[in-house]
4 protein chains.
Amino acid sequence: MSTLDKLAELFARFPGIGPRQSKRFVYYLLAAPIGVREELSRLVLALKKMVNVCSECQRFFTSNGNQQTLCSTCADPNRDNTLLMIVEKDVDLENIERAGAWSGKYFVLGGTIPILEKNPHERVRSKQIQKLIENRGKNNGLKEVVLALSLTSEGENTAEFLQSSLAPLSTAYGFKLSTLGRGLSTGSELEYSDPDTIRNALKNRQ
Amino acid sequence: MSTLDKLAELFARFPGIGPRQSKRFVYYLLAAPIGVREELSRLVLALKKMVNVCSECQRFFTSNGNQQTLCSTCADPNRDNTLLMIVEKDVDLENIERAGAWSGKYFVLGGTIPILEKNPHERVRSKQIQKLIENRGKNNGLKEVVLALSLTSEGENTAEFLQSSLAPLSTAYGFKLSTLGRGLSTGSELEYSDPDTIRNALKNRQ
Amino acid sequence: MSTLDKLAELFARFPGIGPRQSKRFVYYLLAAPIGVREELSRLVLALKKMVNVCSECQRFFTSNGNQQTLCSTCADPNRDNTLLMIVEKDVDLENIERAGAWSGKYFVLGGTIPILEKNPHERVRSKQIQKLIENRGKNNGLKEVVLALSLTSEGENTAEFLQSSLAPLSTAYGFKLSTLGRGLSTGSELEYSDPDTIRNALKNRQ
Amino acid sequence: MSTLDKLAELFARFPGIGPRQSKRFVYYLLAAPIGVREELSRLVLALKKMVNVCSECQRFFTSNGNQQTLCSTCADPNRDNTLLMIVEKDVDLENIERAGAWSGKYFVLGGTIPILEKNPHERVRSKQIQKLIENRGKNNGLKEVVLALSLTSEGENTAEFLQSSLAPLSTAYGFKLSTLGRGLSTGSELEYSDPDTIRNALKNRQ
């Protein structure tokens, strides 16, 4: 296989990219100034060296050269340490931060658990979250853990898994185990809402 | 203007129909058996004669010839008379019924109130709903009125209008005035949720 | 079944209309002024009385009360009688007229012939077009018949059927039997063109 | 700016990629095995070293290590050297090859000329194509040059520019200067065809 085809094949594995667009990426790079290719090559290689995983929330963050182990959110003394939100992935965390409505901490699961999965512990950072919650529970009065998973079938399956595996800790350390509110999302019309959403909107009316 | 063009123009006023599709409707009718045209003509004309407006909830319903004034839902002795849901239009009511999660009664407002509207009372059946609530409040212990408006800007404006105009009745007769739960709708992903929905999902977590 | 449901069912048979939109049509009519319903009812019923089928091209047209048998195009002495274009349906004819590039006459087939159809003569006005071409051929020097069918599988099947059934007449009366040019349509990009279109664009380069 | 953000910014310049998807690319790479990042980095850097530009048609091709200067198509003795097709970019050439209807050679312009562009010669390889045609014209009896540009406004502008700049050569060396056939593309319906396409389909009927 030629260099062009090999590179196209690598791009075709990128999220949301098909074989046709991956080809266009290759031609774009061929036509781009050499500086662009050099910087792309360098940054891709340096990615893991310059990027750390936060020892607390497990998100990726760029370290400033010194031996940081905490991301800016986990290192922030103003964030409420008694509130913890569990999300699937980094972009979910970023989107929630953008909404500006959460003053607690986060934990990134690193994935979701497919239905009927036999080894859920290999899919998500379930042991790490248990350990983190135990530590927090012992030390500083954890008040609430929010399961902030997507309302897709995999997301709901993951939430159920966490609910049952974290329930004993919730009892032991006396924190609330909650999920995000369900109902009508902003902009939605009743005429076109699905039955499940209507049922939740009714159940959670206030 | 020709008959063809006049008819096309009438169809072009139908909801969601442009000039091109309205033309196709006319040609469809021209090619259809005469029985179809005759029945369409007859039903369109008979629409208001055979269709009543329910004296309670104001929805349209087909009467069986005798002097009915109540639709099947309002006439149903098993529906809970102490619960009332206010919706914008008939199709909203039908969609909520399809979800099968409401055992109370309904009231159809007949529209929404645009922002900055000077005469909101002319846009919706606001006096009728006040009167209905007063009667219910006096007689049979109204427990809750749910404002089930769409989360569009007009829908939210209408909900605010109703909230302030029904607040005195709520105090006087002791019923709860509620709105549908807001949050993540079924199937939605956190990565793509808008900030407002995320804020509501957080606020209404449970 | 109620009047509402019966009417919704009739609208659901309209081209491109599903059960949900047909319901909205009914509610639109219920809320519309009585004048709209009366005119719609009247026009639908009068459709065939006030609309004639042109004895030449078979399209629908609105007669002015007197005993017209020809549509305005067929009655126009400035249209070239030696050129004939065969189209599937009225809207195709209208769209071609809008392009303003045809000075000849038309004939509306009234349909297309599905692949493997056993009785093609019952699907389209094949006998009428043969008779029309024979008359024209005998009388006034027919120069060309253009088969202007869509490039869908049914359209192409219909064109093939006409090509073989009109070939003997073409030989007998010495007119050209042509089809519309195939190739790149305006706005299309080579990168996204299908192989068949590229082959035609190459074959028909000029 | 952090490494994550710099890399996301580079990806956001890729064709068809917005800021959100470029972020997902970065997270995809962070989660990918180190081997994937290393190979991507290496291939991107090696791209120009292992990829040549064909000295004839100007397309990119992967050389096998030895000193090739011609791509496989230009080196193929079975391709007809008297036919030349001018295309905008590599992917256009590939799509035409896929259709399997061209036995001649190609030339890749490397771009299109925007309307009102003052220096068209800097936008496309216009001097190279002139030189190539002159050489071919002198040596081996060039019979036809096909301008295979997209039917977008820039593509048509480019075709006009080439038509006037190549006309003297066409006269001098006696080759035909042609463009791709225009008309209905496969699958298109007359009802929805634009006026320009209908006019071309009529003009190019056969």
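View 1. Angles run from 0 to 180 degrees between N-to-C directions, with axes fitted to C-alpha atoms, for helices over the stretch in contact. Helices (H or I, at least four residues) and strands (E, at least two) are DSSP runs, numbered from the N terminus. What you see is a predicted model, where local features need pLDDT of at least 70 and side-chain atom pairs count only at pLDDT 80 or more, while totals for chains, interfaces and linings use all residues. Residues count from 1 along each chain as its sequence is written, with chains lettered from A and ligands numbered from 1 in the order written.

**View 2. Chain A has an open four-stranded sheet in the order β4-β3-β5-β6.** The pairing is parallel; two strands pair if DSSP finds at least two bridges between them. At the edges sit β4 (104-108) and β6 (176-179), each pairing on one side only. From one strand to the next, the twist averages 25°.

**View 3. Zoom in on β3 (residues 80-87) and β5 (residues 144-147) of chain A.** Four bridges join this parallel pair, and A:I86 stands opposite A:L147.

**View 4. Over in chain B, β5 pairs with β6 (residues 176-179) in the parallel sense.** Four bridges link them, and B:E144 stands opposite B:K176.
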